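Here are my notes on this model. Please read them with the structure open.

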Amino acid sequence: MKNFDLRDLDAFVAVARTRNFRRAAVEQGVSVSSLSQRLRDMEERLGVRLMNRTTRSVALTEAGELLLARVGPAMSDVGAALDQVRGLRAVPSGRLRINAPPPAIDLVLAPMVAPFLAAHPKIDLEIVGESSFVDIVAGGFDAGVRYGEHLAQDMIAVSLGAPQRYAVVASREYVAQHGSPKHPKDLLEHSCIRTRFGSGAMLDWEFEKAGRVVKVSPPAKLIATYLGLALRAVHDGTGFWLTFEGYVRYGIKSGALVSVLDDWCAPFPGPFLYYPSRRQPPPALAAFVAFVAEWRKRERRKNK
C-alpha cells in the first residue's frame, strides 16, 4: 500500500464503473490524459494489466475484475464515511467534553446547559468539575474553563461572562454577637470557614483596595472541601466565609447573611472557555463557542 494512495484506487474504480475514461475524468475533475497516466502508473507498480483499452471501449481484465470486486465496496464505504463527517458541519453532533472548576459550573455554565442542548439536540454534553489544573488535551477534553491568570499563552480563550467578585459573609446572628471586621486583618480575630483544594492547598484570603493588596490566613473553625457544607455552616452561624458573591447573593438580599469588607472585594474578570486551536474545531465545540457569543450578547442587553 505504501506505493498507492486513495486517489489511485478512486481513479481505478471510476474508470472501471463507467467503462469510459472521459466520463471518469469529468467525475474526478482531471484531464483524460492525467487519468490515463495514473492508471498506467498503477499497473506498472502492480506489474499486471487491469484493463484493456481501445479508442472505443474499456474492458477489465481478470485482475481488474478481482480488484474492483474487493476495492469497489470499500471505496463506497470510505466515500459514505467522508460524507457523514462533512455532514457534521451542517448539524453539529457528538459528545462535547468540558473541564471546569465548580464555581464556574455553578455560576456561569449551569444556566447555559439546558438552552444549549435544546438548540443542539444531537450534541451530548459532558462537564467535569475539577478545582485542580488539568491538561485538557491529555485528559481527552474538547475545552476547559479557567480564570484569566491561569490561561496558557497558546490557548484560544473566549470570555464566558461578566466580571465576578468575592464576598465575605457571616450570618446576621454571628455578626450581632461577634461584631463586623473593618479591615481584612480583623478577620484574624474571628472564626472562619476555609476551603482546602484537592491539591491539599488552603489559599490565603486576598483583598485589594485602591491598589493595595492584603493577604490574610484567618483561623479555620471549619475546613470544607464541599461547597454545600460551607454554605450551610455560614448560615448556621459558624463564622465568616470568603466565597464567590454568586453563591451568597440571595442570602445577603434576604438579610440572612451580612456582607462585610465590600470595599476590599474588587471585581475581577469572569471565567474563560479555552481550547487548543482555532483551526477546524470539532463541530460540537464550534457550536458551543457560537452559542456562548450569542448568550453574552443577550446578557449584556438584559443588563443595560
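1. Start with the ring cluster. The model is predicted, and in it Phe116, Phe288, Phe291 and Trp295 are linked into a cluster by ring pairs. The structure holds 10 aromatic pairs.

2. Phenylalanine 116 sits in helix 5 (residues 102-119) and phenylalanine 291 in helix 9 (residues 283-303), 175 residues apart. Phenylalanine 116 is buried at 0% relative accessibility. Phenylalanine 291 is buried too, at 10%.

3. A second pair joins two loops. Tyrosine 147 and phenylalanine 268 are edge-to-face, 6.1 Å centre to centre, with 65 degrees between the planes. Tyrosine 147 lies in the loop between strand 5 (143-146) and strand 6; phenylalanine 268 lies in the loop between strand 13 and strand 14 (272-275). Tyrosine 147 has a relative accessible area of 11%, which is under 20%, so it counts as buried.

4. Which side chain makes a polar contact with that of tyrosine 147? It is glutamine 164, at 2.7 Å. Glutamine 164 is in the loop between strand 6 (156-159) and strand 7. It is buried, at 12% relative accessible area. Its contacts include Leu107, Phe244 and Phe268.

5. Strand 7 (residues 166-171) and strand 13 run antiparallel, joined by 4 bridges. Valine 169 has serine 259 of strand 13 as its bridge partner.

Notes
Residues numbered from 1 in each chain as written. Predicted model: local features only at pLDDT ≥ 70, side-chain atom pairs only at ≥ 80, totals over all residues. Heavy atoms only, no water. Pairing = 2+ DSSP bridges. Buried < 20%, exposed > 50% of the residue type's maximum accessible area, 1.4 Å probe, protein only. Polar contact = N/O pair within 3.5 Å; in protein donor to acceptor, adjacent residues only side chain to side chain. Contact = heavy atoms within 4.5 Å. Phe/Tyr/Trp six-rings, centres within 6.5 Å; stacked < 30°, edge-to-face > 60°. Lists of a residue's contacts leave out its neighbours within four places in sequence.
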